[in-house]
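Student: I would like to learn how to read a structure step by step. Could you take me through one?

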Amino acid sequence: MLPVARTSKSRKGMRRAHHALVPVGYQSCPQCGQERLPHRMCSNCGYVNASLGLVINKKAKKKSA
Ligand SMILES: [Zn+2]
């Protein structure tokens with residue numbers, strides 16, 4: 001790369017201003033209270049969504065699988 005096309009310290013900083021990590025948006029499970037990711041099954045109790053009527057029993061799932 002030619003010196004003319006060299007990215008300045010300022011330009012480099014401006015580009016990297018958007019590289020910051022965002023915190024993971026955990027939500028507490030309404031059934032057991034453990035932290036879980038939104039739109040994901042609870043890793044503790046298997047709760048998914050009350051309006052869908054889906055509560056997967058982890059122990060029963062393991063036996064069938
Ligand atoms: Zn749960």
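Tutor: We will go from the overall layout to single residues, and then to confidence.

Tutor: Please keep in mind that this is a predicted model, in which local features need pLDDT of at least 70 and side-chain atom pairs count only at pLDDT 80 or more, while totals for chains, interfaces and linings use all residues. Residues are numbered from 1 along each chain as its sequence is written.

Student: How many helices and strands are there in the chain, and in which order do the elements run from the N terminus on?

Tutor: Helices (H or I, at least four residues) and strands (E, at least two) are DSSP runs, numbered from the N terminus. Here the chain has two helices and four strands, and their order from the N terminus on is α-β-β-β-β-α.

Student: What percentage of the residues of the chain count as buried?

Tutor: A residue is called buried if 20 or more other C-beta atoms lie within 10 Å of its own, exposed if 12 or fewer, and partly exposed in between, with the C-beta atoms placed from the backbone. In this chain of 65 residues, 3% count as buried.

Student: Is Gln27 buried or exposed, and which residues does Gln27 touch?

Tutor: Two residues are in contact if their C-beta atoms, placed from the backbone, lie within 7 Å. Gln27, which belongs to strand β1 (residues 27–28), is exposed because it has 12 other C-beta atoms within 10 Å. Not counting residues up to four places away in sequence, Gln27 touches Arg36 and Pro38, and the C-alpha atoms of Gln27 and Pro38 are 6.3 Å apart although eleven residues separate them along the chain.

Student: Where is Leu37 found?

Tutor: Leu37 sits in the loop between β2 (35–36) and β3 (47–49), and it counts as exposed because it has 12 C-beta neighbours inside 10 Å. Its C-alpha atom is separated by 5.0 Å from that of Tyr26, eleven residues away along the chain.

Student: What is the phi of His39?

Tutor: His39 has a positive phi of about 70°, although it is not a glycine. His39 is placed in the loop between β2 and β3, and it is exposed, since 8 other C-beta atoms lie within 10 Å.

Student: With which residues is Gln31 in contact?

Tutor: Leaving aside neighbours within four places in sequence, Gln31 is in contact with Cys42, Cys45 and Tyr47. Gln31 lies in the loop between β1 and β2 and counts as partly exposed, because it has 15 C-beta neighbours inside 10 Å.

Student: Where in the chain is confidence lowest, and where is it highest?

Tutor: The predictor's confidence in each residue is given as pLDDT, from 0 to 100. Confidence is lowest in helix α2 (residues 58–64), at a mean of 51, and highest in helix α1 (residues 9–16), at 96. Over residues 61–65 the pLDDT is below 50, and this stretch has one contact in the model beyond near neighbours in sequence.
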